[in-house]
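Please look over the sequence and the model shown here before reading on. The report is meant for a reader who is new to looking at protein structures.

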Amino acid sequence: MSTVTEPGTQATTDEQPPTEQAVVEPDEAHLREGAFGHAVALSCRECGHRVDLGPFYACPECFGPLEIAYEFPAVTREEIEAGPRNIWRYKALLPVPSDIEQSPNMEPGFTRLLKARNLGRELGIDRLWVKDDSTNPTNSFKDRVVACALSAATELHAKVFACPSTGNLANAVAAAGARAGMKTVVFIPSNLEQPKKVNSAVYTDSLVAVEGNYDDVNKLASEIAGEEDGWAFVNVNVRPYYAEGSKTLGYEIAEQLGWRLPDQVVIPVASGSQLTKVHKAFGELVKLGLVEDKPVKIFGAQAEGCSPVSTAYKAGVDAIRPVKPDTIAKSLAIGNPADGIYVLDICKETGGAVEDVTDDQVREAIVLLARTEGVFTETAGGTTVGVLKKLVESGQLDPSLETVVINTGHGLKTLDAVSDRVAPAATIAPSYAAFTDAGIV
Ligand SMILES: Cc1ncc(COP(=O)(O)O)c(C=O)c1O
Ligand SMILES: [Zn+2]
């Protein structure tokens with residue numbers, strides 16, 4: 001494996017395009033047959049140019065982002081239903097080998113889809129579902145993408161499994177690498193929430209806290225990827241494989257609804273990758289004849305303190321102007337989102353919208369979801385539920401349509417966000433009299 005420098009390459013990462021493209025050379029001799037399942041090439045999202053499968057992420061013609069292109073076999077609902085209760089039930093639709101279940105991995109996915117009657121009643125939405133990804137092995141949806149990245153890193157014989165992260169990704173990479181017996185190095189902004197630091201450091205001795213924001217961390221990761229041999233940065237040089245993992249959220253929503261698509265979905269946006277992949281998943285299911293075609297409105301959710309995509313949406317412009325994040329929703333704090341323009345396109349095309357909420361609305365929504373549905377979400381989920389509420393109130397979202405809101409992470413990782421809002425109702429002496437005096441019921 002070696003490093004190839006292509007000056008001026010505008011590769012797509014979660015942040016600024018790096019000035020050079022990091023490449024772990026695919027060793028053809030060692031790339032085994034079927035290493036990437038039914039994937040046949042990498043295809044440029046901008047110009048359609050195709051390159052061979054390998055650790056590439058930027059188009060050599062126009063520097064646009066590369067995506068996985070497949071030749072899918074016929075896949076039936078029954079085959080999928082007979083698969084394991086994790087993302088590998090959809091392995092035929094992912095860039096992974098057919099024996100993926102045999103390699104040690106975190107087995108994420110197939111999380112619950114909860115009918116949210118109480119929250120629905122509160123918000124005036126007739127049919128509302130919460131897709132609860134906080135129950136994944138490291139308590140965020142990132143376990144899905146990391147499982148696909150781990151497979152690619154393994155097939156490409158990478159020596160180090162790494163990432164720049166806003167927190168959850170670092171947790172997922174550190175854990176998956178430990179389980180796979182791979183060296184991990186994870187980079188985070190030094191001001192991250194303490195639980196997210198501990199949830200990485202417990203799995204790896206190489207958690208690196210960088211003095212800067214996520215965009216600085218990402219720039220550093222791109223530089224390291226350009227200098228070091230054999231590093232698989234999940235969201236940099238194996239990003240096309242990694243990103244495909246988010247499609248499984250879309251597949252599961254459709255399968256758990258009884259093999260049909262919802263009318264609308266609300267999804268948090270940091271880099272924007274997840275939103276674009278859930279949308280892609282719905283399209284693939286239709287093409288494969290697994291669900292009936294129907295319009296699905298896609299809505300994006302951001303926090304006001306880091307809302308470059310919703311700002312562009314509201315201004316009616318196509319270009320995303322990078323921002324310096326300042327929000328409690330640190331997991332969504334990407335000021336220069338790689339897939340922002342695609343999020344804009346999808347939300348506009350499908351009749352959805354991109355909206356943002358204040359930090360206070362994020363906190364309020366965390367408590368609202370907890371008290372109505374018994375689901376404790378982190379600030380990203382507070383953002384998404386807060387945006388859902390705002391979209392209904394502003395008339396941008398039709399409450400008579402069947403709606404899914406995605407909860408992508410767990411509240412125990414961002415306790416500080418609500419710790420001054422929720423507390424014991426009373427502290428009392430251990431006596432019945434003290435209890436009745438406290439006026440709790
Ligand atoms: C909990 C949580 N939700 C949502 C996202 C956004 O994901 P994406 O970068 O794919 O937009 C992140 C990203 O770090 C996250 O940690
Ligand atoms: Zn191109």
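The sections below take up salt bridges, a glycine in a loop, a pair of packed helices and one further helix.

## About the model

This is a predicted model, in which local features need pLDDT of at least 70 and side-chain atom pairs count only at pLDDT 80 or more, while totals for chains, interfaces and linings use all residues. Residues are numbered from 1 along each chain as its sequence is written, chains are lettered from A and ligands numbered from 1 in the order in which they are written, and side-chain values use heavy atoms, with hydrogens and water left out.

## Salt bridges

Side chains of opposite charge can pair when their charged atoms come close. A salt bridge is counted here when a side-chain nitrogen of Lys or Arg lies within 4 Å of a carboxyl oxygen of Asp or Glu, and the structure holds 28 of them. One of these joins Arg-89 to Glu-255, with the closest N and O atoms 2.6 Å apart. This pair links distant parts of the chain, 166 residues apart, since Arg-89 is in the loop between helix H1 (77-81) and strand S4 (113-115), and Glu-255 is in helix H8 (residues 247-256). Helices (H or I, at least four residues) and strands (E, at least two) are DSSP runs, numbered from the N terminus. Buried means under 20% relative accessible area, exposed means over 50%, and partly exposed lies in between, with a 1.4 Å probe and protein chains only. Arg-89 therefore counts as buried at 8% relative accessibility, and Glu-255 is buried with a relative accessible area of 10%.

A salt bridge also forms between Lys-280 and Glu-244, at 3.0 Å from N to O. Lys-280 belongs to helix H9 (residues 273-287) and Glu-244 to helix H7 (residues 239-244), so the pair links distant parts of the chain, 36 residues apart. Both Lys-280 and Glu-244 are buried. In the pair of Glu-355 and Lys-314, the closest N and O atoms are 2.7 Å apart; Glu-355 is in strand S12 (residues 354-357) and Lys-314 in helix H10 (residues 308-315), 41 residues apart. Glu-355 counts as buried at 5% relative accessibility, whereas Lys-314 is partly exposed, with a relative accessible area of 47%.

## A buried glycine

Where does Gly-167 sit? Gly-167 is placed in the loop between strand S6 (160-164) and helix H4 (168-180), and at 0% relative accessibility this residue counts as buried. Leaving out residues up to four places away in sequence, Gly-167 touches Leu-192, Lys-196 and Ser-200, where contact means heavy atoms within 4.5 Å.

## Helices H3 and H4

The axes of helix H3 (residues 142-155) and H4 come within 9 Å and cross at roughly 45°, which makes H3 oblique to H4. Angles run from 0 to 180 degrees between N-to-C directions, and axes are lines fitted to C-alpha atoms, for helices over the stretch in contact. Angles under 35 degrees count as roughly parallel, over 145 as roughly antiparallel, 65 to 115 as roughly perpendicular and the rest as oblique.

From H3, Lys-142, Asp-143, Val-146 and Leu-150 meet residues of H4, among them Asn-168, Leu-169 and Ala-172.

## Helix H10

The buried residues of H10 are Pro-308, Val-309, Ser-310 and Ala-312, and they pack against strand S11 (297-303), helix H11 (340-349) and S12. After H10 comes Gly-316, whose phi is positive, near 70°.
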